[in-house]
Every structure is written in structure tokens, then in C-alpha cells.
Amino acid sequence: MYVAVKGGERAIENAHAWLAEERRGDTDIAELSIAQIREQLSLAVNRVMAEGSLFDPDLAALAIKQARGDLIEAIFLIRAYRTTLPRFGTSTPVDTGAMACDRRISATFKDLPGGQVLGPTFDYTHRLLDFKLAADGEVPEAPARDAVPGDVPHVTDFLNREGLIEEAPHDDTPPPDLTREPLEMPADRALRLQALTRADEGFTLGLAYSTQRGYARNHAFVGELRIGSVPVEMEIPELGFAIEVGEVVLTECETVNQFKGSKTEPPQFTRGYGLVFGQTERKAISMALVDRALRWEELGEDNVGAPAQDAEFVLYHADNIQATGFLEHIKLPHYVDFQSELELVRKLRREAGADQVQEAAE
Amino acid sequence: MSAYNFAYLDEQTKRMIRRAILKGLAIPGYQVPFASREMPMPYGWGTGGVQVSAAVLTPEDTFKVIDQGSDDTTNAVSIRTFFERTAGVETTTTTSDASVIQTRHRIPEEPLQEGQILVYQVPIPEPLRFLEPRESETRKMHSLEEYGLMHVKLYEDISCHGHIATAYAYPVKVEGRYVMDPSPIPKFDNPKLGDMAAIQLFGAGREQRIYALPPYTEVVSLDFEDHPFEASKAEHACSLCGAEDSYLDEVIIDDAGGRMFVCSDSDYCESRQAAGHKGKDAA
Amino acid sequence: MQSEALTGGFTDPAVQSAHAFRRMMEAMARPGTLHEISGAEPPAPLSRAAAVVLLTLCDTDTPVYLAGAMDCTAVRNWLAFHTGAPLTGPSRCMFAVGTWPDLGPLSAYPIGTSEYPDRSATLIVECPELDASGATLTGPGIKDAAALSLPEIEAFQSNRTLFPLGLDFIFTNGRRLAALPRTTEVS
């Protein structure tokens, strides 16, 4: 006799217990510490902080451990935790000109004030598996020298001085908050940048790549890419001035893009912008290219129908937590709606069959 | 769970959702945008319904959760446990004992009463979405009451298949104004939407929309004079309780194509069996 | 700020606002039904019911208009301390509170836009009396017909013609409350 499926609760409990065991793996192997993840898988930690929209390396490392290394799952854990946190206030805008740069490169000038600083990059590593790491991860100390004191000026400022690049006028309008207000179209640039900085890295990369291959090509040069830490300051109403409350590591990418001009305006380069938590340069460059593509309307360009130009398409599909949830929800039971469709298809087929029989009889 | 507020959400979020619910009730069938929060469960798994439930629950409520009509499906169990832990509410599987019922894909068979609230989980709240993917366009269509596209689609079904080929999430018109997605309930449930004694609230978390039907509201399934709407179900009686009026799940019982039909509403089926009703395969 | 402003709010906000909201939701979903809400001890002339509505729905995101005699130091301070709601004029408010004569004219309030009819004001009307008699109400939420002591009839009839735009009303008296959404036909 048929008995309806029961015991969902037991099944869930058991699945969770099994999951915990699988997460730990072979107990003869030493357990990973949060500090190990934070220090040795730092680029994973950075991605989780960037897309989780929360700068806390220890929490991101914990999320990665809990998620068994599934970074989207880890981002989800961080996002769900983040929403429960109280908000004490808003920082003043960070000054990336005052960044203590670990890395700073420009593709548009051979040399420039502040210098080209390669920093800790994979760029010129030969992608050969280093079998030494399998046995022993100890490394000799890297050569060091004192940091050059003073601010590192932005490349776009040099161009701006000559009027060669579009102005980016100072704007004190408070930006909208994507996490507190429903997304609404049309989205201004501040909202688009906010969505892009927490967007899925893979999605942003794919879109950016598509612009390079001609889907709204905008001839991007990396004017500058810089990675380093900046102080975060907050106005304290009781004090009447801003004090430093901490620092965050950021990656900033400014692209110098195809120029435009008209009879009345001489030609000028245009800008794309990327700013992301942590050392996340693939994401920051992608963001700058997509930002530039989305600006077609305000720059008076044609909409060529490219995906990267379509703000509604980009913003509604860039969030990997929304996407993964909805994609994976089709695993949930749908047998009630399926049954309804099954009945309909049976009915349509029955009628089609009946018609054929009737035709044959005639 | 004491680190979290009653019913998980912070008070500011609840106020925002509550304001959206009141506007939803004042404009039946209209989708009110709300700043959906990231919940500790995935989008698409009931985050909208959970946020609406969290905003309406009081500690004295008795809460029921069904998925596909059943209290025992894993996602229903998971959401029920969430509110047991975060709101400390009593839970039940008995439809008539529940003051708040969260549902995915079904309306209970037993008619709901005044004082009860039915909260639907909604994946895609926009009934026009599959005809027009752009939110900016569909919002305009609603504002202009421009629903021709929907009628054209339904009519194309008829000319192609001889019937309207929509079996679930069958669109309805509310109080002669807004076309509304009733969530993916089978069209068998559509007639229950209108003139219901209970309050119906719809939450779409990922899509950031809340909408509502006050009690005793006119809800009409879209159709044509020559092709009237038809609520359909499998033409069988329940094998366990013998009910002929309930929506049925088809269950495959062997490798030889054997199947049986049982009530999708597990509480309805069990109470009928307890009252002595027997289907052909009952023990 | 006088100490009066610091007292009279919810003592257990999560639970008290949950109870209050349920009654407000029932009121809005079933126009004309009367409900009692409690939990606030506001300064005069704010009624307890109106105060509970404000505590339950208002915060820094909701501009509030205090009409006529409601716009006094005691109410301003109390509202500021307990909700943080910014005060504004009728044209930009999400909520307004006052007596019926003080609230008018209704044309001053936002009624929403055709794409966003929800962006409209909710008026909390302090009533000298509130009972289930007087005007006849029909429409969504009402099985056959309901009755409610409305301050007048024409204003609600012309509000109904704006649907789906329009204003929504919450009537308060002491601890009592009833509601009238824009969908209700009044005669």
C-alpha cells in the first residue's frame, strides 16, 4: 500500500549531519583554521568580501570554511549575516589618492609620478605548477624598501589638466542604497556602480569581455589600476569632525576610453570606473568596462543592442545570490504544477488523437 | 537564536514590509515594490513569503506551512522550523487551527475563514513577464491597463492547441483592474482566490514585490466567451480518502506504469480518512 | 526636551507592534470594522490609537505631516524621540495625522502615480466619535455592506474615482481604529 512521504524533518537533520561530516573530511588530516584561510587563500577571502559587501577578512574566511570552499555559498552566508547588522552611520567618501599602494600600474604611460609598482601579481608568473609547494610552502623573504611617502596622483588627473578627458564633476548627492531600496529603472550611475561592485565576478567578466569582442566596443585603456589600503573616516556629530575608524583594502581601476567630440566640443577621452573591496583586479577591470558600456546614453552613443549596454538586463542578472537561489529552486518539488500541465497535455493529446480517428472514419 | 529579533527581521524592516502590505491591500492586485532583505535561505525558496509571514506573525499565532499542498515536504518543514525557532510560534498541520498559513503552489481544500491569513510564496510576480521581460515595459502596461498582449497570447494557445495552454500560474484580473499572477498554483485553485473570507498576501523576495487580495475581492480568471475558464484536475477520486473534489497528485507505484492518485492537500486527506472516508486503495 | 517626550512608547516594540499591525491590517483589509489597539501613552492631542499607528508604521524613512493642533511641541518631540520620522508638509508626506477639518483639503496630498499608485499618503483621521453606523460601505474586503461613522461622504466618493490612485484613511478615536482604503464605495 502507498504511504505518503513523511519524515522531512528527520531527512533534513540527517542531511545536515552528513554535510558537516563531509565538510570536515578525513579527520586524520589537520583541520583548517580561519587564520590559515585568511592568510593563504586571501584572494578567495577578497572575492567573498567584495560580493558579500562586507569588509571583514575573518568572517569571510569563516564563511569559506563553512561553505566547503564554495565561494557563492560563502558570499550568501556573508550577505545573510550582513543584513542583520545595525548601521551606526555612513563613512565619508574614501580618498583613493591617499591609498597606500601595494600595486599601481598604468597602461597608458611608460612612467609617471608615483611610479609603476608591480606588487604581488600573478601577471608575469609562468603558469607552471610549482611542485615544491606540494611538499613545503616556505618561501624566502621578498626584498623590501620603504614606501615612497605622499599621495599617488591619479592618471586621469593628468589628462584632465589638459582637458583631454571628460570632466567627472564633484557630486555630493547621497547615492541610493541598493540594499535598502528596491531596484528601480532607470538606474543612475551611482546605483549601477553599486550593483556592479557586488556583482558576480564571472558574469561581469563575461560582459566586459563581450565589449572587447565588439558587443558595444569602447576601446578601453587601463589608465590606472591601483591596489592598497585607504583609511575609512566617519563624521562624529558630537565631535564636529571626521575621525579614522579603520582601513579597507580596495582595488580601483580607471579606464580611458574612446574619445568623442562634436563641432562645438573638441574630442575628449571618456571614463570607465571600477572600485572593489580587496585585491580583486579582474573584477575591478571588468567593472570599469561594463560601467563604460552602460554609459552609452549619457555620452550620446548609439545603443547597438549589446548585452553590456542594457542596464536592466545587466543589473537584474548580475547578483549571484539572486541568480543561484532562483536557478537552484527548480530542485524543489514542483509536482503540483507539473501535474496540472500533465493533465493539460494528456487532454490536448487525447483530443488530437480523437480528431485523427474521426478524420480517418470520414 | 536570542541574538535575533522576534521573527528574525529587525523592526525597521518589518515596518517597511508592513507599509507595503497595507498599500497592497488598498490596491488589490497591484505589485508594491519593497526592499526585500537577504534572508538566511536562498532566493526562490520562499524568501518573500517568509518576510511577509515575519511581518504579520504575533507570538500568539498558530502557523502552518505547506509546499505542494503538504506539510511534510522538506521546504515546508524547513520554513516551519525557522519560525518555531525565531518567533516561538505554535505550529500545526491542521488547516482550520492555523491563523497564518504560508503556502507554496496550493490553496488548501478546506475553505479558509475570517481571521485566517494565507501567505503565498511567489517566484515571478509579474504576470506579463514571459511576454515582456522588461520591468520598465510591464510597469507601463499595468499603468495603462494595457493587457492586450496577454489576451493575444491566450488566444494563440487556443488557435494552436484548441485550449488555453496555461495549467498553473493562470493569470487573473482583480476587481476589474490589475492582471495578477496568482503564483504557480494549479488552475484548479483559481476559483478559490475570489470572495475568500481570509486575507491573501503574496510575497516575492528576489523580485522585491508584495501584493494582496483583501477578503471578498472579485478575482476573475482570464478567458474568452467561446473558451471559458475551466478549473481542472485529474479525473479520479483520491485512492486513500475517496475525495472527488480535491486536487490530486499522481504517484507512480511500479515499473509497469502503475499509478495512483492521492490528495495533494495532506491535511485534507488525513482528516477525511480519520473521519472514516475510504478510497479504493485505503488500508 | 520635556520628559513627557521620552515616555509613552512601546515597552516591547517587536511584540506590541506585531499586535498593533495585525489589527491595522484587519482594519484595512475589512473596511469599516472596528479594532482596539494599545501600547502607547502619547501627549495630547494625539489619541492612543493614532499614536500606536505612528509607532508601528513610521520611522526615519516616512515623512509625517502634523495637521493643525497636532503640530505642537509635545507631539513633535514625542514623535521625534520614538520614531525619528521627519516632519513635512502635506504635499510630501507619507502619513498625515489630525482632525478632519485640520487635514483638508485632500487635494494637497500625494495620490501616487499611474506606475506607482502606492506612493500615496495615508491619512490618520482623529475622530470625535467612531462607530459602525452612518455611511454605507461596499467594495473589496466587505462581504455585503458595512457601516462607519465618516466625517463626510463626498470626499471619499471623489477619492474612489481616482482609483487605482488615491488616499487611504485610518480613523482613530481613543483606542479605537477603523480604516477606509481607496477601493471602498461610500454612500
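This is a predicted model: local features need pLDDT of at least 70, side-chain atom pairs count only at pLDDT 80 or more; totals for chains, interfaces and linings use all residues.
Two pairs of chains touch, and the pair with the most contacts is A and B. On this interface, 39 residues of chain A are in contact with 52 residues of chain B. Four helices of chain A each give two or more residues to the side that touches chain B. They are H1 (8–24), H5, H12 (320–328) and H13 (335–361). H13(A) gives the most, with 11 residues. By residue type, the side of chain A that touches chain B divides into 19 nonpolar, nine polar and 11 charged residues.

Chain B also meets chain C. Here 30 residues of chain C are in contact with 31 residues of chain B. Two helices of chain C, H1 (13–29) and H2 (48–57), each give two or more residues to the side that touches chain B. The largest share comes from H1(C), with 12 residues. The side of chain C that touches chain B holds 15 nonpolar, six polar and nine charged residues. Chains A and C, by contrast, are joined by no contact. Their closest C-alpha atoms lie 11 Å apart.

One helix pair spans chains A and B. The axes of H1(A) and helix H3 of chain B (residues 74–87) come within 9 Å. They cross at roughly 80°. An angle from 65 to 115 degrees counts as roughly perpendicular, and H1(A) and H3(B) are therefore roughly perpendicular to each other. From H1(A), the contact is made by Gly8(A), Glu9(A), Ala11(A) and Ile12(A). From H3(B), Thr74(B), Val77(B) and Ser78(B) take part. The residues of this contact between H1(A) and H3(B) divide into three nonpolar, three polar and one charged.

The axes of H4(A) (residues 57–66) and H5(A) (residues 71–82) come within 8 Å and cross at roughly 130°. That angle makes H4(A) oblique to H5(A). The crossing of H4(A) past H5(A) is right-handed. On the H4(A) side, the residues are Leu59(A), Ala60(A), Ala63(A), Ile64(A) and Gln66(A). They meet Leu71(A), Ala74(A), Leu77(A), Ile78(A) and Tyr81(A) of H5(A). Nine residues of the contact between H4(A) and H5(A) are nonpolar, one is polar and none is charged. H5(A) is also among the helices that give two or more residues to the side of chain A that touches chain B.

Burial was examined next. In soluble globular proteins, nonpolar side chains tend to be buried together. The largest nonpolar core of the model has 124 residues. Those with the most contacts inside this core are Ile21(B), Leu57(B), Val53(C), Phe95(C) and Ala96(C). Another core, of 52 residues, lies apart from the largest one. Its members include Ile37(A), Ala74(A), Phe277(A) and Leu315(A). Of these, Ala74(A) also belongs to the H5(A) side of the contact with H4(A).

Leaving aside neighbours within four places in sequence, Ala96(C) is in contact with Tyr65(C), Ala67(C), Pro90(C) and Leu103(C), among others. Tyr109(C), Ala121(C), Leu123(C) and Ile124(C) are also in contact with Ala96(C).

In chain B, helix H2 (residues 47–56) has 10 of its 10 residues buried, so H2(B) is largely enclosed by the rest of the structure. The buried residues of H2(B) include Val50(B), Val52(B), Ala54(B), Ala55(B) and Val56(B). Thr47(B), Gly48(B), Gly49(B), Gln51(B) and Ser53(B) are buried too.

Conventions: Residues are numbered from 1 along each chain as its sequence is written. Chains are lettered from A and ligands numbered from 1 in the order in which they are written. A nonpolar core is a set of buried Ala, Val, Leu, Ile, Met, Phe, Trp, Tyr and Cys residues joined through C-beta atoms within 7 Å. A residue is buried if 20 or more other C-beta atoms lie within 10 Å of its own, exposed if 12 or fewer, and partly exposed in between; C-beta atoms are placed from the backbone. Two residues are in contact if their C-beta atoms, placed from the backbone, lie within 7 Å. Axes are lines fitted to C-alpha atoms, for helices over the stretch in contact, and angles run from 0 to 180 degrees between N-to-C directions. Angles under 35 degrees count as roughly parallel, over 145 as roughly antiparallel, 65 to 115 as roughly perpendicular and the rest as oblique. A crossing is left-handed if the near helix is turned anticlockwise from the far one by less than a right angle, and right-handed if clockwise. Ala, Val, Leu, Ile, Met, Phe, Trp, Tyr, Cys and Pro count as nonpolar, Asp, Glu, Lys and Arg as charged, and the others, Gly among them, as polar.
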